[in-house]
Amino acid sequence: MERMKILEHTLYGNPSKKLAFILHGFKGFKDWGFIPYIAKYIADNTPIQVVTFNFSHNGVKTGEQEISDLEKFERNTYSKEINDTIEMINAAKEGYFGEKVEEIYLIGHSRGGGIAILTAARIKDFIVKKLVTYATIAKIDKFSSTEMQIWKEQGYLEVINGRNGQKLRVGKALHDEIIQYKDTSLNILKAAQDLSIPMMLFHGKEDETVPYTHSQDIESIRKVVDKPTFLVLLDEANHTFGITHPLREVSSSVRVLAQQTTAFLTQKTIKERTLK
């Protein structure tokens, strides 16, 4: 096929009719922390090809590992990230990565988990077979009323990049999306409830950024309608599961993520499981 221009990405494993996308979180990128480790682990232990990619407005330029395009970062929105993910799915279906893919799995960390859920619900395509989240958000309106007011008045909200203390701005477009669509097309809990595919959620009990109750809320709303859902709460794990960037040592929590994600993606019969 003619090579189209798509988002910057990295391939793990050989071309396959089964493919997993890993979606990075807010202030993240495709090579952040544990993402390459998990991608390689899945590709090395399954017939699944894995693709990691940078969202178009994550602010990280080609070949870099820090946010330097501040204007793009400021203009990013949830809708842009959903559209980016749909673009990658369509490329996979057309054989861009070497095979015309027949099964897709979405894996997302933090905000990337919410984007994975929203995307799967948006496309209504049976090609997405399973979904995995790590420390996912369950709602897009996680900002305080004071923050929302400041955001509205000055047209941006300043956030700090915990990796390096960098001051970043999120712009008016994201604020307006939250106000307009938080209860409709960008309602993560409703999207999770609507999805029939199996879903596995991992969350650290010591998450300082997104409380583990977010994953519990998703599990609860799906259990009400009897959708296959498996929640793993990890003791002593924080929002990044004990990892900083760059990755220096793989934590026990990340080993659990890699091993259990791989088992979940490859098993044909889904059974209940618990893991402390």
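## Ala258 and its helix

Ala258 is found in helix H9 (residues 252-266); helices (H or I, at least four residues) and strands (E, at least two) are DSSP runs numbered from the N terminus. This is a predicted model, in which local features need pLDDT of at least 70 and side-chain atom pairs count only at pLDDT 80 or more, while totals for chains, interfaces and linings use all residues. Residues are numbered from 1 along each chain as its sequence is written, and side-chain values use heavy atoms, with hydrogens and water left out.

Is Ala258 buried or exposed? Ala258 counts as buried because its relative accessibility is 0%; buried means under 20% relative accessible area, exposed over 50%, and partly exposed in between (1.4 Å probe, protein chains only). Leaving aside neighbours within four places in sequence, Ala258 is in contact (heavy atoms within 4.5 Å) with Tyr37, Ile38 and Tyr41. Tyr41 is 217 residues away from Ala258 in sequence, yet their C-alpha atoms are 6.4 Å apart in space.

## Where H1 meets H9

The axes of helix H1 (residues 35-45) and H9 come within 10 Å and cross at roughly 40°. Axes here are lines fitted to C-alpha atoms, for helices over the stretch in contact, and angles run from 0 to 180 degrees between N-to-C directions. H1 and H9 are therefore oblique to each other: angles under 35 degrees count as roughly parallel, over 145 as roughly antiparallel, 65 to 115 as roughly perpendicular, and the rest as oblique.

On the H1 side, the contact is made by Tyr37, Ile38, Tyr41, Ile42 and Asn45, and on the H9 side by residues including Val254, Leu257, Ala258 and Leu265. The residues of this contact divide into eight nonpolar, four polar and one charged. Ala, Val, Leu, Ile, Met, Phe, Trp, Tyr, Cys and Pro count as nonpolar, Asp, Glu, Lys and Arg as charged, and the others, Gly among them, as polar.

## The largest core

The largest nonpolar core has 87 residues, and Phe21 and Phe97 have the most contacts inside it. Such a core is a set of buried Ala, Val, Leu, Ile, Met, Phe, Trp, Tyr and Cys residues joined through side-chain atoms within 4.5 Å. Helix H3 (residues 78-93) gives the most to this core, with seven residues.

Beyond its neighbours within four places in sequence, Phe97 touches Phe21, Met88, Ala91 and Ala92, among others.

## A buried loop residue

Ser110 sits in the loop between strand E4 (103-109) and helix H4 (111-123). Ser110 is buried, with a relative accessible area of 9%.
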